[in-house]
Structures are given as C-alpha cells and as structure tokens.
Amino acid sequence: EEGRWREFAPGVTYKRLWNRNTLLLRCEPGSWVPEHEHHAYEHTVVVSGDLVIDDQVYGPGDYQGTPAGGTHPLWRTRKGCVVLVHYEGA
C-alpha cells in the first residue's frame, strides 16, 4: 500500500515501482483496460486474481507479452487482479 496509486481507467489504478518502466496495476472486480497501442515491448505477470484477454484467462504467475508497435487488446477482470507490468527500454 505504500506509494501513490493513480487512476488509469474506472476501477483501475497503478503505481510506479523502482523506475518509470515498471508498475503495479490494480483492477477492481468487473473493471477493464481499453485497447491501446504500445511503443515498447510490454511484459505482464499476474500477481493475484484473474485477467481475461480475448477468451484466455490468466491467473497468478501467468505471463503475457505485447510487442512494441502492437495493439494491446482489451483487458478485463472478473474477480479483480493485481498485475506487474514492465516496459522494455521505454
């Protein structure tokens, strides 16, 4: 709970960790992150809860990556989640 959580989308907050390329994303049950483009490769690890991308459900410890220049599909969560996100060379 230390640090400042900022709003990203309704029901979705984030806070930066040790540098600007690494953050935690906290999503309330039923919230979603809209589709968007990436300028750097994004590494994502689910810390807790569930993350649904298209028809794939990710749980604690699961990894998902989005390449630089790629479009990140809509993310949603049913029960809520915490996700660790790291951007390569952003």
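**Exercise 1. What percentage of the contacts in the protein chain with a separation of 6 or more is accounted for by residues 24 or more positions apart?**

Solution. Contact means heavy atoms within 4.5 Å. Among contacts with a separation of 6 or more, 58% come from residues 24 or more positions apart.

The structure is a predicted model, in which local features need pLDDT of at least 70, side-chain atom pairs count only at pLDDT 80 or more, and totals for chains, interfaces and linings use all residues. Residues are numbered from 1 along each chain as its sequence is written, and side-chain values use heavy atoms, with hydrogens and water left out.

**Exercise 2. State how many helices and strands the protein chain has.**

Solution. Begin with the definition: helices (H or I, at least four residues) and strands (E, at least two) are DSSP runs, numbered from the N terminus. On this basis the protein chain has twelve strands and zero helices.

**Exercise 3. Compare the radius of gyration of the protein chain with that of a compact globule.**

Solution. The radius is taken over C-alpha atoms, and the globule rule is 2.2 Å times the number of residues to the power 0.38. For 90 residues the rule gives a value near 12 Å; the protein chain has 12 Å, so the two agree. Next, take the spans of the C-alpha trace along its principal axes: about 35 × 30 × 25 Å.

**Exercise 4. Locate Ser31 and decide whether Ser31 is buried or exposed.**

Solution. First, the place: Ser31 sits in the loop between strand E3 (22-27) and strand E4 (32-33). Second, the cut-offs: buried means under 20% relative accessible area, exposed over 50%, and partly exposed in between (1.4 Å probe, protein chains only). Ser31 has 6% relative accessibility and therefore counts as buried. Third, the surroundings: not counting residues up to four places away in sequence, Ser31 touches Pro10, Gly11, Val12, Trp75, Arg76 and Thr77. A polar atom of the Ser31 side chain also lies 2.6 Å from the backbone oxygen of Glu28.

Key:
Polar contact = N/O pair within 3.5 Å; in protein donor to acceptor, adjacent residues only side chain to side chain.
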